[in-house]
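Here is a short briefing on one protein model. Have the sequence and the coordinates open as you read.

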Amino acid sequence: MMRTGRPRQFDRDEAVIKAMHLFWENGYESTSLAQLKASIGNGITAPSFYAAFGSKEALFAEAVNCYLQTHAQVTEALWDTSVPARQALETALLNSARMQYDPSHPRGCMVALSVMSSCSDENRHVLKPLEASRVRTREGIKHCVERGISSGELRDEEETLSLAVSFNSFMLGISTLARDDVPLAEIERGIAQMMRLWDASRAVDINSTMSKKS
């Protein structure tokens, strides 16, 4: 009696990363089971896929968690109170931009791009963790602005608080610019320009103060 060969093995963690890249590039609904199987490789069959991951939705949840625990951590600088608020914000913007241009994975931010990928009402619940990540980033940016106001660096007025919307919109927009092959150097110069909005909202005009002293 002939023995059947053992099914080919695959590295599960590596498979999740490959799936993450596919979902990152295409979105949830536009990524097919066939694409996922081809990406994982090793001749994985549909039964083996379901045995390993349960379902496409379950694998997506793992891929999203993988992204949030790794690449998405670049914006955690927003919550770093050991550095001045302006520095924390600029660091998060620069880290996010450089991550989104890293050639080792798809361009853009999976969290931001999920807003633009078409998803039916039936499947919209799978995007909830990404939505929560966007909320946390938005709150982190607002946290930096509020720190700037509390420290007396920024003017305490409603217009100053609107800075958070400007910076959040810019951060979300980096993904489309990255996908459109706008050079990273231009993004970094754009970040420098955005930080001038912060400087324009200072409670004390540093340049004016220096000119008076001279």
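Start with Asp181, which sits in the loop between α9 and α10. Asp181 is not a glycine, yet its phi is positive, about 65°. Keep in mind that this is a predicted model.

- Most residues other than glycine have a negative phi.
- Asp181 has a positive phi of about 65° although it is not a glycine.
- Asp181 counts as exposed because its relative accessible area is 57%, and exposed means over 50%.
- A positive phi also occurs at Gly152, near 85°. Gly152 follows α7.

**Helix α10**

- Helix α10 covers residues 184-200, which makes 17 residues.
- At 1.5 Å a residue α10 should span 24 Å, and its end C-alpha atoms are 25 Å apart, so the two values agree.
- Which residues of α10 are buried? They are Ile187, Gly190, Ile191, Met194, Met195 and Trp198.
- Arg189 and Ala200 are exposed, on the face of α10 turned away from its buried side.
- The buried residues of α10 pack against α5 (85-100), α7 (128-150) and α9 (163-179).

**Helix α5**

- Helix α5 has 16 residues. From first C-alpha to last it reaches 23 Å, close to the 22 Å expected at 1.5 Å a residue.
- Its buried residues include Ala85, Arg86, Ala88, Leu89, Ala92 and Leu93.
- Also buried in α5 are Leu94, Ser96, Ala97, Met99 and Gln100.
- The cover over the buried residues of α5 includes α1, α4 (56-69), α7, α9 and α10.

**Helix α7**

- Helix α7 has 23 residues. Its first and last C-alpha atoms are 32 Å apart, close to the 33 Å expected at 1.5 Å a residue.
- Among the buried residues of α7 are Leu130, Ser133, Arg134, Thr137, Gly140 and Ile141.
- Cys144, Val145, Arg147, Gly148 and Ile149 of α7 are buried too.
- Against which helices do the buried residues of α7 pack? They pack against α4, α5, α6, α8 (158-161), α9 and α10.

**The cavity**

- How many cavities of 30 Å³ or more does the structure hold? It holds one.
- The largest cavity has a volume of about 190 Å³.
- Its lining has 16 residues, and the closest to the centre are Thr75, Cys109, Val111, Thr137 and Met171.
- Helices α5, α6 (110-116), α7 and α9 each supply at least two residues of that lining.

**Asn168**

- Asn168 is in helix α9.
- Asn168 is buried, because its relative accessible area is 10% and buried means under 20%.
- Beyond its neighbours within four places in sequence, Asn168 is in contact with Thr137, Arg138 and Ile141.

**Thr31**

- Thr31 lies in the loop between α1 (12-26) and α2 (33-40).
- Is Thr31 buried or exposed? Thr31 counts as buried because its relative accessibility is 0%.
- The side chain of Thr31 reaches two backbone oxygens: that of Gly27 at 2.7 Å and that of Leu22 at 3.5 Å.
- Apart from residues up to four places away in sequence, Thr31 touches Leu22, Phe23, Asn26, Leu36 and Lys56.

**Ser201**

- Ser201 lies in the loop between α10 and α11 (206-213).
- Ser201 is buried, with a relative accessible area of 9%.
- The side chain of Ser201 reaches the backbone oxygen of Leu197 at 3.3 Å.
- Not counting residues up to four places away in sequence, Ser201 touches Glu153, Leu154, Arg155, Thr160 and Leu163.
- Ser201 and Glu157 are 44 residues apart in sequence, and their C-alpha atoms are 9.5 Å apart in space.

Conventions
Residues are numbered from 1 along each chain as its sequence is written. This is a predicted model: local features need pLDDT of at least 70, side-chain atom pairs count only at pLDDT 80 or more; totals for chains, interfaces and linings use all residues. Side-chain values use heavy atoms; hydrogens and water are left out. Helices (H or I, at least four residues) and strands (E, at least two) are DSSP runs, numbered from the N terminus. Buried means under 20% relative accessible area, exposed over 50%, partly exposed in between (1.4 Å probe, protein chains only). A polar contact is a pair of N or O atoms within 3.5 Å; within protein, one must be able to donate a hydrogen and the other to accept it, and residues adjacent in sequence count only if both atoms are side-chain atoms. Contact means heavy atoms within 4.5 Å. The expected span of a helix is 1.5 Å times one less than its number of residues. On a 1 Å grid over the protein atoms alone, a cavity is a set of points where a 1.4 Å probe fits but cannot get out, and a pocket is an open set with protein on both sides within 12 Å along at least five of seven lines; lining residues have an atom within 4 Å of a point. Grid points are joined across faces, edges and corners, and a volume is the space filled by probe spheres set on the points.
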